[in-house]
Amino acid sequence: MLTRLPLCFLLLAALIVRSPLAAAQSPGTDEIKVEAPEFGIGNVCRAGDWCGVRLRLTDSAIKQREVLIRVVMTDADGDRPAYSRSITLNPGATMDAWVYFRLPFWFRTGETVLVLVNEPIADDREAIGLRAGRLLARRQILPGGKVQDAGTPLIGVIGAHEMGLRQYATVASLGSMLYPALGHEAVESVAGLTAKGLPDRWLGLASLETLVWGDSGGGTDADISQLRGERTRSIKEWVQRGGHLVVVLPPSGQAWTNATTNELLDILPTVNIVRREGVDLSEYRGLLTRSKESALPRSAVLHVFEPLNAAAPGDAIRVLSGPKGECVVARRIVGVGAVTLVGFDLSSRVFSQGGVLDADVFWHRVLGKRGILQPDPKEVVNRGQTIAVDHVIASQIAKRGTAVTGVFLGVTVFLIYWVLAGPLGFALLKARKATRFAWLGFMLTAIAFTGLAFGAATWFRPRRFEATHLTTLDHIYGQNIQRARSWMSLMLPHDGTVRIVAPDSDGQPQVPGVRHDLGGVLSPWDPVGNSQRSGFLDGREYQVDGRDPILLDLPSRSTVKQVQLDWAGSPRWAMPHPYQGGTIKADGAKLNGSLVHELPGPIHDLLICHVIGQQPVGVDTRSRLVSRVQFWKWPANKEWAPNVPLDLTVETEQTQAMNSGELYLSNIVPTSNFAMGITPAGDARAFRSVVEAMTASTLFPELGIPDDAGKQSSMSVAVLRREATQTLDMARWFSQPCVIVIGFVGGGASQGGAAAPVTVSIDGAPMETSGMTVVRWVYPLADVPPGWRTFGDLPDAK
């Protein structure tokens with residue numbers, strides 16, 4: 001017997017060495033050197049969002065070979081999504097490879113990401129047709145830059161100069177939280193990006209709300225001629241999915257107007273660009289600064305934009321004009337996003353180093369933001385607790401029904417069993433003088449209730465795939481693209497592995513290995529605010545395509561798995577549109593025209609917003625909306641049924657308007673009054689309904705500070721925060737005339753859950769969904785650039 005023990009130990013050791021986990025953890029010399037020169041866009045990433053890492057690999061092999069790269073994360077269930085891609089390496093040569101993955105909300109500075117490089121083995125069962133073989137390299141990657149909190153918006157800047165955008169990061173502190181003194185969130189700018197260094201997939205840009213292209217003269221790292229191929233495609237798709245590209249034209253080297261050097265030319269505004277020299281920028285002071293004394297160039301280059309006659313609606317929108325009516329900022333709507341041209345050379349030394357440009361004067365009007373960025377101490381107000389507006393998402397998609405039924409049934413069965421097997425059973429036996437059969441009665445009762453519990457559990461066990469969802473669906477009238485983000489709780493009733501596939505641009509299941517235009521991407525999702533990394537003890541690894549994550553092979557344990565679907569494609573729902581082919585027109589603050597929709601259900605909690613036009617140049621809009629706005633809000637019990645015309649003229653006259661858009665938006669923000677003993681409600685009560693939360697998320701950058709907050713020392717204003725809904729707001733539309741319709745389908749007072757506009761597929765069949773869809777529709781009105789007031793009327797803030 002003793003002679004067999006060494007053999008047993010050898011066999012056990014061999015099994016350990018051969019196990020995948022041991023292989024991943026085995027020490028030794030790596031055959032491939034792995035570095036990460038870029039973690040996130042410009043070495044900046046945001047927790048809870050998509051992130052791209054640019055890996056640099058150097059192979060020590062003596063011949064060319066293909067390798068499999070895996071970036072291994074951990075999801076909310078403790079399973080390990082391995083975002084994978086293959087690449088062919090040459091001996092001694094350095095190769096770069098982008099891999100894309102979603103960071104969990106708990107990811108912070110100091111966290112590491114595991115990168116594994118393996119020999120690939122062909123396997124059609126895997127997401128990319130390869131599985132991991134022999135381990136070639138293992139590396140724990142520490143982000144080399146900054147990991148932003150999930151509540152921090154990001155603006156990317158191509159070029160070295162930030163053009164005043166850093167002013168959006170001016171903050172005060174509330175405990176460990178940072179926020180603008182008279183706003184709700186600080187916006188971080190990511191400067192120093194280069195044309196050659198941009199990611200090759202739109203996922204690498206997904207964390208940005210805006211990308212500003214400056215310093216684009218010839219010979220610089222921001223030269224547009226350096227943008228080619230997949231990087232061009234990534235920007236175009238990012239814009240179509242809702243991104244805002246802002247191009248600050250340089251004074252010379254107009255490569256932007258040449259189709260050979262500029263692969264983005266087909267998405268630029270359809271305008272004639274006129275170069276003017278010797279322009280005195282002091283004439284444009286009201287658009288650039290609040291100061292009356294700051295020196296502005298007396299002989300500068302300025303580009304003005306003339307819409308072409310051939311421009312289609314939405315292709316040449318005049319956003320800002322000079323004092324003589326010449327357009328200096330023009331825009332084009334592209335899908336759900338936009339491209340904006342700026343005629344001022346904001347990357348010049350006077351603007352980039354002189355501190356002349358005020359972001360809350362110029363950029364507010366371009367980006368649709370609000371808030372005093374550099375307030376006077378007398379303007380600062382007391383701030384209260386931090387309230388997250390989108391924490392409600394997790395509770396909205398939670399599948400409680402089956403679990404509650406199961407728990408109630410279990411408690412009921414146990415109580416009946418305890419009564420029968422305990423006091424009641426013994427009392428009956430005692431009454432019959434048969435207490436000697438107590439143990440037999442107890443055993444029979446236990447057997448009976450064991451069978452009852454097993455049968456009930458089997459009966460109530462889920463038998464079909466289904467999902468609960470909360471979805472946002474966006475559409476701009478006149479565009480052939482809709483965008484959706486859907487948070488889903490998937491009921492997976494079987495044990496093993498379940499493959500779910502994202503829809504393509506037409507809503508059909510995508511085919512692995514085929515590059516699609518638009519369509520959907522999938523990622524595991526963890527609840528907003530989640531800071532725990534617990535999960536099942538049997539956490540499993542599953543492969544995800546690290547470039548085009550269109551499917552997930554999810555571990556299934558007869559439980560729920562939460563995922564996020566980001567989709568864009570051809571229209572899935574018949575959104576609101578002018579009735580009988582008519583138009584919507586504005587006569588000042590009055591709207592004329594009718595709307596109708598063919599959605600699969602009535603719209604409830606309808607909110608109509610009319611952006612009339614920007615405030616005149618010369619009006620201090622720092623703490624106010626840059627535009628004049630009106631809102632009309634329907635009561636929760638009123639619905640807009642499909643195929644029923646909505647006369648905007650009548651509706652806006654009969655429905656009580658919030659006469660001041662400022663007042664409506666300020667009232668969304670919770671306040672407290674210490675003198676009266678009134679304290680703000682907590683997270684769950686401040687935005688106690690998904691309607692309130694998603695409306696606030698949609699309008700988030702427009703939410704201000706109540707006007708009387710600074711006048712009452714006893715008043716405290718809450719700091720609002722968003723995490724899961726970053727980049728989903730509609731701020732840009734508050735910089736130009738339009739009509740915005742926000743409503744909800746499904747989940748109303750008289751409705752049950754409604755199916756999602758797009759859904760995932762299992763075995764080629766769409767998964768059944770039930771929940772709520774937030775409908776957000778925009779009708780662009782005729783452009784009306786703001787007029788000018790005398791600059792002497794401006795308050796001097798410097």
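Student: How is Arg-131 classed, as buried, partly exposed or exposed?

Tutor: The class follows from relative accessible area: under 20% is buried, over 50% is exposed, and partly exposed lies in between, with a 1.4 Å probe and protein chains only. Arg-131 has a relative accessible area of 34%, so this residue is partly exposed. This is a predicted model, in which local features need pLDDT of at least 70 and side-chain atom pairs count only at pLDDT 80 or more, while totals for chains, interfaces and linings use all residues. Residues are numbered from 1 along each chain as its sequence is written, and side-chain values use heavy atoms, with hydrogens and water left out.

Student: Which residue forms a salt bridge with Arg-131?

Tutor: A salt bridge requires a side-chain nitrogen of Lys or Arg within 4 Å of a carboxyl oxygen of Asp or Glu. Arg-131 meets this with Asp-123, where the closest N and O atoms are 3.3 Å apart. Asp-123 is buried, at 8% relative accessible area.

Student: How many salt bridges are there in the whole structure?

Tutor: The search finds 42. One of them joins Arg-228 and Glu-263, with the closest N and O atoms 3.5 Å apart. That pair links distant parts of the chain, 35 residues apart: Arg-228 is in the loop between strand 14 (208-213) and helix 3 (230-240), and Glu-263 is in the loop between strand 15 (244-248) and strand 16 (271-279). Helices (H or I, at least four residues) and strands (E, at least two) are DSSP runs, numbered from the N terminus. Arg-228 is partly exposed at 29%, and Glu-263 is partly exposed at 29%.

Student: Where in the chain do Asp-783 and Arg-318 lie?

Tutor: Asp-783 forms a salt bridge with Arg-318, the closest N and O atoms lying 3.1 Å apart. Asp-783 is in the segment after strand 41 (768-780) and Arg-318 in strand 18 (residues 317-321), so the partners are 465 residues apart. Asp-783 has a relative accessible area of 21% and is partly exposed; Arg-318, at 30%, is also partly exposed. Elsewhere, salt bridges that share partners join Asp-75, Asp-77, Asp-79, Asp-538, Arg-540, Arg-557 and Lys-561 into one network.

Student: Which residues does Tyr-477 contact, leaving aside its neighbours within four places in sequence?

Tutor: Contact means heavy atoms within 4.5 Å. On that basis Tyr-477 is in contact with His-577, Pro-578, Trp-777, Val-778, Tyr-779 and Pro-780. Tyr-477 lies in the loop between strand 22 (466-476) and strand 23 (482-501) and is partly exposed, with 34% relative accessibility. Its C-alpha atom is separated by 8.7 Å from that of Met-575, 98 residues apart along the chain.

Student: What is the strand order in the open sheet of 3 strands?

Tutor: Two strands pair if DSSP finds at least two bridges between them. The order is 27-30-34, with antiparallel pairing. Strand 27 (577-578) and strand 34 (646-647) each have a single partner strand and stand at the edges, so one side of each has no neighbour in the sheet. Strand 30 (residues 594-596) pairs with strand 34 over 2 bridges in the antiparallel sense, and Ser-594 stands opposite Asp-647 in strand 34.

Student: What are the totals for helices and strands?

Tutor: The protein has 14 helices and 41 strands. Of its 798 residues, 55% count as buried. Among contacts between residues at least 6 apart in sequence, 76% join residues at least 24 apart.
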